[in-house]
Structures are given as structure tokens and as C-alpha cells.
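Subject: Structure handover

Hi there,

Here is the structure I promised to pass on to you. Please have it open while you read, as my notes follow directly below.

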Amino acid sequence: MSSTLHFDYIIVGAGSAGAVLANRLSESGRHSVLVLEAGGSDLTPYVQLPLGYGKVYYDERVNWKYLTEPVAQLNNRPSYWPRGKVLGGSSSINAMVYVRGHQRDYAQWESVAPGWGWQDVEPLFRRMEAWRGEADVRRGADGPLSVTDISDMAHPLCDNYFKAAEQINIPRNNDYNAGNMDGASLYQITTDKGLRASTAQAYLRPVMQRGNLVVQQKAHVLRVLTEGSLATGVEYAHNGVTKTAYARAEVILSAGAVNTPQLLQLSGIGPAAALIEVGVPVKHDLPAVGQHLSDHLGADIVCKTTVPTLNQELGPWYGKVRAALQFAFGRKGPLTLSLNQAGGFIRTSDELESPDLQLYFSPVSYTRAPPLTRPLVSPDPFPGFLIGFNPCKPTSKGHIAIKSNDPYEAPTIQPNYLDTEHDKALMLKGMRLMRQFTAAPAFQSVVEKEVYPGLAVDSDEQVMDFVRDNAWTVFHPSCTCRMGQDAATSVVNEKLLVHGMQNLRIADASVFPSIPTGNTNAPCIMVGEKASDIILADAR
């Protein structure tokens, strides 16, 4: 660690966007960069092994393991939120599905944040990508982030899924990231030669030996230091000692959609009345900090099959041994994949201009009894599959707020799932669509019965009761420090500068003006790329 504790840039969080910033801001050698990561190393077997996310799902060594408040429309159930606490952040523990988003997502962003339209961000996606699939000018080939086409690795039951989709008039789409999103697809995943391709592996580790880059692990940032409206540095705890680091140029928060608003509020930047209530001196009254929380909520159906699924490959001890040998001697087999192998995007009405449902098909099943206790590597003892969905553009909004001035206390997380009639109606449509899938001839030829929820759950009221009892987060929290022009309703401007502050930026999923169509990790990495361009342009 530098004895002066002065750096040009201080980045809080070495996650999906933070690792990108660390790479790009230190690239020229002209700027000194300090990265503070609350977690530790990503060099553990279950982080590097793609299917290992089933093990790190509850591992507090790499996971914040958040729990939301009880949600009224989920029958007062809380929701478990795993978030990455490790180099690479949530890109080191997620299911690796890579989705750029829909062009209309970025049209929405551009309407409140000039410079964030599709024409602005599409080149950044190409710059990010090392596409491991059929060559296409619309896909990046030389970027740091490996994105893998799993066409030659997918489970045979995915063919049944695609046939069933065609039978209910959903066409096949071979690349949802190359223009048109609509249709049934195999999911592309961030892996490289059978290993997870997190941002730690793609962006950070290749440059950690740079003399102008310091990455401090297990450094818990306590607050941002300010002098009036100027952000001057951060206070953080490391090895039981409170330390201070100062930024000559900027402090950049990349701690994620939960931790970034939490840190701002702990630093006295947020809704004044709420800060006063928990004993935090107000430095800057910014009402939208922690507001507008958006997340995807999903539900699924479990079917028992008459043919083998991944249950038979991952369940028995001999199946685990076989999978381990396949991985060890060729980096092949189910351990190199995500459980979400197929899915896609559809519009429930011809009048819509973009998909409103995302689909998931996994050739493995979990009956979730009891809920949230079964590891992903221990599926049902019978052959089965999961088929599920989530609404792409939920209109329910939640919030995140600190409970006290203790930086180690988890914040209040209230997602307010299903708080609007729009979201409830889409959940019902999604459940009906899943039943159309499983009733299609291609699935009927292999389905013995619907196990969960079971065909006895049939009326709209029964189906919605099932949803309230069983719907689950798809782990895409965002928008809690969203971009916009109005300081009353947003937190950062289009240059990611915090309204009313100097030398303080945010670059992570919290700045999304609205939640994207699809998984959020690729857009979050793109935000890191875009932020680096903006920051370096301002530094000239």
C-alpha cells in the first residue's frame, strides 16, 4: 500500500463494473488507482467452476447473503438475495447468462440520460466481447470478456423445448444478442475454456501487477469523506484498523445496487429526514438515493419426465464423479455450464414493441421443499426439468435504506414485488404460458406429470396464490441511484456524477434509469466501460 494513501482515483468495489474501471483507468499508466473490495480472492474452486455457483449461493466468504424485508404481495415472505462479496462481485457468483438488453431499453435510458442510447452503448458491448460462436459483425471478437455459445454442449431436452416453442408459435432465435431478441434461444454464458469468465478474470487479474494499480481486498468502506460538496476520499476498515485514502481526482462507487446507496446514506448523502432518523449527519439532501429499486421476479413449473435429465447426472454420487472427471480431463460436461441452458424473450401481445416476458428452461429440477435450502448440485431424485419466466419490465418499485449509522449492519431492502396490477397480470400470463409449453406435443412425449405446482392448481386465484407463495427473485436489483436530470428523482447525471457533489461518481447497476430486458450483468459491465470513457475524457 502506498505510504501516502493518496491516489488519483479510488474505486469502491471490484465487481462487475469496478473491475472494468480498474483496468481502463490504470491502462495508460498516467493515473494511480486504488480499488477497495470488501470481499476476498476469487481464486477458489467453486467460484472458478461454472456450476459452482450452486455452492457459493450461501457461502458468506464470497456472498453478502442479503435478506429482504417481508413482501406483502408474496404473503409476507422475505426474499433471499445473494450478492457477490469477492473480486469480480456478482459476476463471480452469478449464473453467467449474458444478455445485452433490448434496443428500446437504451432508448428509455437516452430519454433521461443523453449519450446512453443504443447507438452509444452497442459499440461498448462489442468492445467487451470475445464471442465464442459463429462469427458475426454484430458481435465483438477481441474483447476481454469471453462469451460462449453452448450449442454443442446443451442437454438433449433443450431440443424438446425448442420444438415445443415452435408448436405454440414461438420461433427459434439463434442469437438474441445480434439484433432481434424475440424467440426461443440457447443462453450464451460468460465462460472461457470451461471456466467462469468473471470481470475479475477478464479485466482485473490480467493487470493487477501494474505499478499504478493497488487492489486492496477485505477492505470494508465505512463512508465517503467530503468537504462541503467535494468528495475527498474514503474511510475504510482493513485488518481491524480504520484507514483513510484520499482521491486527487475522483471517488467512484461501484459497490452495487444494494451497497452503493447504503454507502451514500452512511456518508450523509441521501434523504435528509431518513438520515436524521438513524443518527447520520446530513451532508447533502438527495431524496432519490435508495429509491426506485427494480428487480425481476420469476416463477417456474417442475415436471417429472420419462427420460433422464441432469438430475441423474448431478444427483447420485457416481454422477458427481463422472461430471468431475469430464471437467478434469477435458473441461467438458455439466459442470462447465449454467443450469439455465435455454430460454428466450417473447411478447404477450402483438401491440408491444419489445418483449415483456423472459423465459427459462433448465434440464434439472428442484421442488424447493423446504424453500431455499437445497443446494443446486443436489436436484430432485426423479428425472425432471424446470420451465419458468419473469416479466421483463416490472412496474413495482422498492427501496433500500440504512437501519442505523452502523456500516456493518445490512440495510433495509424492500422490493415491493407485485405491487402493481401490471406485474400481477404478467405473472398470471407467464404461468399460463408455461402450461402451454408443457402441454405441447414435444413435451407431452417426455413429461410424466407436473409436480409443482400440480395441475390441481388451475384457477386464476389458485395460480396467483402459488405465485405469492413461491415466486423468487431473479437476482437483478438495479436503479437505486438512477441516472436522470432531476435531482429530486435521480441521483446521478448522464456523466454518472452525483447531483450536487463534486468528484463523486457512481458506476454499477444502481445507475440504470430503468431495468433492462434480460439479465443485468452484461449491461453492468457495459456501464463500467462507458464510465471509464467518460472519466478519461474529463481527465484530459
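Helix α8 (residues 256-266) is mostly covered, with 11 of its 11 residues buried. Those buried residues of α8 are G256, A257, V258, N259, T260, P261, Q262, L263, L264, Q265 and L266. Buried here means under 20% relative accessible area, exposed means over 50%, and partly exposed is in between (1.4 Å probe, protein chains only). Helices (H or I, at least four residues) and strands (E, at least two) are DSSP runs, numbered from the N terminus. Just after α8, G268 takes a positive phi of about 85 degrees.

Please keep in mind that this is a predicted model: local features need pLDDT of at least 70, side-chain atom pairs count only at pLDDT 80 or more, and totals for chains, interfaces and linings use all residues. Residues are numbered from 1 along each chain as its sequence is written, and side-chain values use heavy atoms, with hydrogens and water left out.

Next, backbone geometry. Most residues other than glycine have a negative phi, and most peptide bonds are trans. H292 is not a glycine, yet its phi is positive, at about 65 degrees. You will find H292 in the loop between β15 (284-285) and β16 (297-305), and it counts as partly exposed because its relative accessibility is 23%. F475, also not a glycine, has a positive phi of about 65 degrees. The loop between β23 and β24 holds F475, which is partly exposed with a relative accessible area of 29%. As for peptide bonds, the one from Y452 to P453 is cis, with omega near 10 degrees. P453 sits in the loop between β22 (447-452) and α14 (460-470).

N493 is in the loop between β23 (472-473) and β24 (504-506). A polar atom of the N493 side chain lies 2.8 Å from the backbone nitrogen of K495. That distance falls within the cut-off for a polar contact, which is a pair of N or O atoms within 3.5 Å; within protein, one must be able to donate a hydrogen and the other to accept it, and residues adjacent in sequence count only if both atoms are side-chain atoms. N493 is also in contact (heavy atoms within 4.5 Å) with M483, G484 and H499, leaving aside its neighbours within four places in sequence.

Now for helix packing. Two packed helices are described by the angle between their axes and the distance between the axes. Axes are lines fitted to C-alpha atoms, for helices over the stretch in contact, and angles run from 0 to 180 degrees between N-to-C directions. Angles under 35 degrees count as roughly parallel, over 145 as roughly antiparallel, 65 to 115 as roughly perpendicular and the rest as oblique.

- Helix α4 (residues 103-112) packs against helix α5 (residues 118-128) at about 125 degrees, with the axes 9 Å apart, so α4 and α5 are oblique to each other. Q103, Y106 and E110 in α4 meet W118, Q119, D120, V121 and F125 in α5. By class, this contact has 4 nonpolar, 2 polar and 2 charged residues.
- The axes of α5 and helix α15 (residues 521-539) cross at roughly 105 degrees and come within 9 Å, so α5 is roughly perpendicular to α15. D120, V121, L124, F125, R127 and M128 of α5 meet A522, P523, I525, M526, E529, K530, S532 and D533 of α15. The residues of this contact divide into 8 nonpolar, 1 polar and 5 charged.

For these classes, Ala, Val, Leu, Ile, Met, Phe, Trp, Tyr, Cys and Pro count as nonpolar, Asp, Glu, Lys and Arg as charged, and the others, Gly among them, as polar.

How many disulfides does the structure hold? The count is 0, with a disulfide taken as a pair of cysteine sulfur atoms within 2.5 Å. For C158, the nearest cysteine sulfur is that of C303, 15 Å away. C158 is buried, at 1% relative accessibility. For C524, the nearest cysteine sulfur belongs to C479, 11 Å away, and C524 is buried at 8% relative accessibility.

Finally, G88. This glycine is in the loop between β4 (80-81) and α4, and is buried with a relative accessible area of 0%. Not counting residues up to four places away in sequence, G88 touches A14, G15, S16, T199 and A200.
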